[in-house]
Amino acid sequence: MDKKLQTSMVLLLQTFKQYASADGNPNTLTKNEVKELFKTELPGFLEGGKNQVEVDKLIQDLDEDGDSEVNFSEFMILITDITCAFYEIVTS
Ligand SMILES: [Ca+2]
């Protein structure tokens, strides 16, 4: 399979856009959109977004510009962190 990285990048973009478009600003994720994304795309992570306190804390940590929503750059930081954590597990 060629172009795995390119395919992954397009999927990241499409996934972000899909959830960000649900509500309000189509370029940012609200708390509810973050919860939906976790529940569907990362089940098992933060118990699928069920723990509101953890979701709130995560958004607070991610939200570098302080607007209470998660933009694409902030989303990518999260994905990078999670992917690096997986890498540690897989290679240890
Ligand atoms: Ca939105």
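What follows is a short chat about the helices and a few single residues of this predicted model.

Q: Which residues of H5 are buried?
A: The buried residues of H5 are Glu 74, Phe 75, Leu 78, Ile 79 and Ile 82. Looking down the axis of H5, these buried residues fall within an arc of 140°, so they line one face of the helix.

Q: Why would residues three or four places apart point the same way?
A: An α-helix has 3.6 residues a turn, so residues at that spacing point the same way.

Q: And which exposed residues are on the face of H5 turned away from its buried side?
A: That face carries the exposed residues Ser 73, Tyr 87 and Glu 88.

Q: What caps the N-terminal end of H5?
A: Asn 71 caps the N-terminal end of H5, with a side-chain oxygen that lies 3.1 Å from the backbone nitrogen of Ser 73.

Q: OK, on to packing. How do H1 and H5 meet?
A: Helix H1, which is made up of residues 4–20, has an axis that comes within 11 Å of the axis of H5, and the two cross at roughly 120°.

Q: What about H1 and H2, at what angle do they pack?
A: H1 packs with helix H2, residues 31–41, at an angle of about 130°, and their axes are 9 Å apart. H1 and H2 are therefore oblique to each other, and their crossing is right-handed.

Q: Which residues of H2 are buried, and where do they lie around the axis?
A: Glu 33, Val 34, Leu 37 and Phe 38 are the buried residues of H2. They cover an arc of only 135° around the axis, which puts them on the same side of H2.

Q: Changing topic: where is Thr 28, and is it buried or exposed?
A: Thr 28 is found in strand S1, which consists of residues 28–29, and it is buried, with a relative accessible area of 8%.

Q: What does its side chain make a polar contact with?
A: The side chain of Thr 28 makes a polar contact with the side chain of Glu 69, at 2.3 Å.

Q: And Thr 83, where is that one found?
A: Thr 83 is found in helix H5, and with a relative accessible area of 46% it is partly exposed. Thr 83 and Lys 3 are 80 residues apart in sequence, and their C-alpha atoms are 19 Å apart in space.

Q: Where does Lys 3 lie, and what is its phi?
A: Lys 3 lies in the segment before H1, and its phi is near 55°, a positive value in a residue other than glycine. Lys 3 is exposed, with a relative accessible area of 57%.

Q: What is the phi of Ser 68, then?
A: Ser 68 has a positive phi of about 70°, although it is not a glycine. Ser 68 is placed in the loop between helix H4 (52–62) and strand S2 (70–71), and at 47% relative accessibility Ser 68 counts as partly exposed.

Notes:
Residues numbered from 1 in each chain as written. Heavy atoms only, no water. Buried < 20%, exposed > 50% of the residue type's maximum accessible area, 1.4 Å probe, protein only. Helix = DSSP H or I, 4+ residues; strand = E, 2+ residues; numbered from the N terminus. Arc of directions from axis to C-beta. Polar contact = N/O pair within 3.5 Å; in protein donor to acceptor, adjacent residues only side chain to side chain. Axes fitted to C-alpha atoms, helices over the stretch in contact; angles between N-to-C directions. Parallel < 35°, antiparallel > 145°, perpendicular 65-115°, else oblique. Left-handed = near helix turned anticlockwise from the far one by under 90°.
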